Amino acid sequence: MSLERARAYLANYGRDKDVMEFDTSSATVELAAQAVGCEPAHIAKTLSFSVGDRVALIVCAGDARISNPRFKEHFGCKAKMLKAEDAEARIGHAVGGVCPFGVTEECDVYLDESLRRFEIVYPACGSSNSAIALTPDELEGILPKSTWVDVCKLPEEG
């Protein structure tokens, strides 16, 4: 189960007991914000893209969107989202619970600068009804192979 995979990963950092599980769905940014009790921007959504034979997981603020020019400049290719039916096999988590914790070796994790605006962010934990509260620095510490990127735009950027 994907939630257990994420929990096992977080256990390596002593954070498995911090996973919150909800009675309602947190599969979208809006639903996650309602479940957690925060503004949607504070949800750390994980977007998945095919980049060559790899999967790029970009963890960004809930109100951020991919900037196609920035993505292409950084990754050298057009932003092509992973197909929903391929997510679980290639990432280790199904759509609705995609997160950067306990992913397959095929994945590279990137943290977008849009997260640094917040003291606390809430990424999912492998299921459509889970999350964990982390500072951006804690998120980076739990994801030691991750890289910070600036490939998203905020609502005020249009």
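User: Which residue in S5 is the bridge partner of Val-55?

Analyst: The bridge partner of Val-55 is Cys-107. The model is predicted, with local features requiring pLDDT of at least 70 and side-chain atom pairs counting only at pLDDT 80 or more, while totals for chains, interfaces and linings use all residues. Residues are numbered from 1 along each chain as its sequence is written, and side-chain values use heavy atoms, with hydrogens and water left out.

User: What makes S3 and strand S5 a pair?

Analyst: Two strands pair if DSSP finds at least two bridges between them. A strand here is a DSSP run of E with at least two residues, a helix is a run of H or I with at least four, and both are numbered from the N terminus.

User: How do you know that S2 and S3 pair, and which way do they run?

Analyst: Strand S2 (residues 43–51) and S3 are joined by 8 bridges and run antiparallel. Within this pairing, Ala-44 has Ala-61 of S3 as its bridge partner, and Val-51 stands opposite Arg-54. The hairpin of S2 and S3 has 2 residues between the strands, and Gly-52 takes a positive phi near 65° there.

User: Why are S6 and S8 called edge strands?

Analyst: The open sheet has 5 strands in the order S6-S2-S3-S5-S8, with mixed pairing. Strand S6 (122–123) and strand S8 (147–149) each pair on one side only.

User: Why is S3 described as largely enclosed?

Analyst: Buried means under 20% relative accessible area, exposed means over 50%, and partly exposed lies in between (1.4 Å probe, protein chains only). In strand S3 (residues 54–61), 7 of the 8 residues are buried, so the strand is largely enclosed by the rest of the structure.

User: Why is Ser-67 called buried?

Analyst: Its relative accessible area is 8%, which is below the limit for that term, so Ser-67 is buried. Ser-67 is found in the loop between strand S4 (65–66) and helix H3 (68–75). Leaving aside residues up to four places away in sequence, Ser-67 touches Val-151, Cys-152 and Lys-153; contact means heavy atoms within 4.5 Å.

User: How do you know that the buried residues of H1 line one face of the helix?

Analyst: In helix H1 (residues 2–11), the buried residues are Ser-2, Leu-3, Ala-6, Arg-7 and Leu-10. Seen down the axis of H1, these residues fall within an arc of 140°, so they line one face. The arc is that of the directions from the helix axis to the C-beta atoms. They pack against strand S1 (20–21), strand S7 (130–131) and helix H5 (136–142).
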